Amino acid sequence: MFSVESLRVCVGSFALEAFDLTVSKGECHVLLGPSGSGKTTLLRSFLGLLPVQSGTIRLLGRDITAFPIESRGFGYVPQHLGLFPHLCVRDNIAYSAKARNVPIDLFQPVVDGLIEATDIRGLLERMPHTLSGGERQRVGLVRALASQPHLLLLDEPFTALHENLRQELWELMRTLQRKHQLTLLLITHDLREAYALADSITVLLGGRVVQQGSKEEVFSRPKTPEVARFLGVENILQGRILKRDALAWLVDIAGIEIPITAYPPPSNTALEQGDVWVVIRSEEILLASAQTPSASDTPLRGTIRSIHPSYPQWKIEIDVGFRIFASVTRHQVEEMGLNVGSSVQIGWKPQNAQLLRSHQQQSE
Amino acid sequence: MPSTLRRTTITAAFAVLILYGGLILSLGWFLEGAVFRGMLFSERSLFAIRLSLITATISSCMALIIAIPAAYALSRYRFWGSEAINTLLEFPIIVSPAALGAILLMFFSSPLGEWVQAHTVRFVFGFAGILLAQFVTVLGVAVRLLKASFDEIPVEIEVIARTLGATPRYAFFTVVLPLARRGILAAFVLSWAKALGEFGATVTLAGTMAMRTETLPVAIYLRLASADIEGTAALILIMVGIGLCSLYLARRLLQRSVDANRMG
């Protein structure tokens, strides 16, 4: 459907090289990365706003690398500046039909369906400046979809909105995507947005693709400590492999020997010895009072150093010889009587710990 | 209690009013009702008024026809020579109007200028000379004002129009121009006002021939030169009246345009 092969784009000293991507029909692919990771550069090159040094961009099998913007077959919904301020909602939506000289009979049924689905019929005569943020984005979506694009590019379209509204629009986007078999390419730095909408994800860090895969794969199995950090994993512990047997590794973390029955399975020959990173999400840390028999295979004892109330979960910092974070509910904190200085034991299920090499180590 | 900043800045604003208002009012000392009425309805004055209005309107329209595309190009594209053009926009402001007229006069005295006059129209000491002098004076200002206006319109909005199927030209006419409406009106008004008051370049290139190249500023100059103080004061008041009424009307139009942009 949409594919990018060996794309090379330069902006000043910033270069994105050998970028590959495939998005299937009806799929939502997310380009995920922090500011400065190259997401916008890629988007601009897809739109034809930045010259491509080498590589090809294809849509429905056609090489569109050198096509002008209006012939590429993309729809585009940016974060800001979506609607034409001098046109009412109805004229904004009808813009593509007029620009392409499409007969209204062909255009109207599709648009009517979109207007009903997004519940904007009451807004048609309104001017953009009278609309709320959420209404504007819904109109922006309808306008982009009314042009019946083969691929819809969404550049952080919901980031500036209120949390509840965002969730509502994610749901709407998912519904529209399923109903109309839309192919979407979403650009975002927001992990929740990516998780809510993505079928597949490309993680960009510092102008490099560091991981590509299904949403579940990327979120549950980050490939490098850098990806894990970006994906919000708090416990990324540097260690050294002391020993490896058929079932587990013995890893030294800050002088403490910890057996790790971890993923990837021990058949991974790259992890025989040397420095590694042990990666465990804070929500996977099992916490028990020091007296309770442990439910974990690898119990560690430690002392609570600090408690950070947050929403929806609280973060507990525990010193077990090294620093480790656990996420718990407020209810758990009260029930277990957790306080700074309390002794606790921690552990994790084998499948929730990961052993990783850093990107540099993988390159060596 | 009003702040010192408020007091100081409002005082400065009133200083402007006192200066300009005082100057205009001081004309009253020399004004005689009968002379004013006679001047207002004299054939020669009516000619000067008509000539000024016609030439200022034509020259500022001509300036906008060139300035709109030129300003858009300077705002949107980086091309060879764009920096030089940007710098040259202030050329008519840097050189004095008389020098600008002299440059034009020298150009038409050169072989190329003579050829141009022989094959097009006569600029020196003619109606076309007034138009050209005003056009050259206001073009740079018009481009500068319009460029600022186009700079304020985000490129992204054109990109959106193009993803909706618009060609660059269609996006320009349906999105960029309507959004620049206010800037275009402002550029026209200021160009027109500047052309209406243009004297130095006009007098150098087109001369001071009564009932031929006698615009309002030229008429004022001729009255003053012949020591007709009452006539000069009357003509100045006529010119101030026309200019201020037009600018007031334009401000109202601009305000309506702003409201319309907000509404539609």
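User: What tells you how far apart the centres of domain 1 and domain 2 of chain A are?

Analyst: This is a predicted model, and in it the centres of the two domains of chain A, taken over C-alpha atoms, are separated by 38 Å. The domain assignment puts domain 1 at 2-220 and domain 2 at 225-363 of chain A.

User: What makes the two domains count as being in contact, and how many residues take part?

Analyst: The test is heavy atoms within 4.5 Å. In chain A, 13 residues from domain 1 and eight residues from domain 2 make the contact. Between them the two domains of chain A bury about 820 Å², with 71% of that on carbon and sulfur atoms. On the domain 1 side, Leu191(A), Leu205(A) and Phe219(A) lose the most area to domain 2, together 43% of what that side buries.

User: How many salt bridges and polar contacts join those two domains of chain A?

Analyst: Zero salt bridges are counted between domain 1 and domain 2 of chain A. For polar contacts, the rule finds one residue pair across that interface, both at pLDDT 80 or more. The elements of chain A that give two or more residues to the domain 1 side are strand S9 (200-205), strand S10 (208-214) and helix H7 (215-220). By class, the domain 1 side has eight nonpolar, four polar and one charged residues.

User: Why is the pair Arg58(A) and Glu5(A) called a salt bridge?

Analyst: The cut-off is 4 Å from a side-chain nitrogen of Lys or Arg to a carboxyl oxygen of Asp or Glu. Arg58(A) and Glu5(A) come in at 3.4 Å, N to O, so the pair passes. Arg58(A) sits in strand S4 (residues 54-59) and Glu5(A) in strand S1 (residues 2-11) of chain A, so the pair ties together parts that are 53 residues apart in sequence. Over all chains, the count by this rule is 23 salt bridges.

User: How big is the interface between chain A and chain B?

Analyst: The area buried between chain A and chain B is about 2,100 Å², and carbon and sulfur atoms give 65% of it. The contact takes 25 residues from chain A and 23 residues from chain B.

User: How many helices and strands does chain B have?

Analyst: Chain B comes to 14 helices and zero strands. Its C-alpha trace spans about 70 × 65 × 30 Å along the principal axes.

User: How do you know which residues hold H3(B) and H13(B) in contact?

Analyst: On H3(B) they are Arg44(B), Ala48(B), Ile49(B) and Ser52(B), and on H13(B) they are Leu216(B), Pro217(B), Ala219(B), Leu222(B) and Arg223(B). The axes of H3 (residues 43-76) and H13 (residues 216-225) of chain B come within 8 Å and cross at roughly 145 degrees. The residues of this contact divide into six nonpolar, one polar and two charged.

User: What makes Leu60(A) worth a look?

Analyst: Phi of Leu60(A) is near 50 degrees, a positive value in a residue other than glycine. Most residues other than glycine have a negative phi. Leu60(A) is in the loop between S4 and strand S5 (62-63) of chain A.

How values were computed:
Residues numbered from 1 in each chain as written. Chains lettered and ligands numbered in written order. Heavy atoms only, no water. Domains from an automatic or database assignment. Buried area = accessible area lost by both parts, 1.4 Å probe. Polar contact = N/O pair within 3.5 Å; in protein donor to acceptor, adjacent residues only side chain to side chain. Helix = DSSP H or I, 4+ residues; strand = E, 2+ residues; numbered from the N terminus. Nonpolar A, V, L, I, M, F, W, Y, C, P; charged D, E, K, R; others polar. Axes fitted to C-alpha atoms, helices over the stretch in contact; angles between N-to-C directions.
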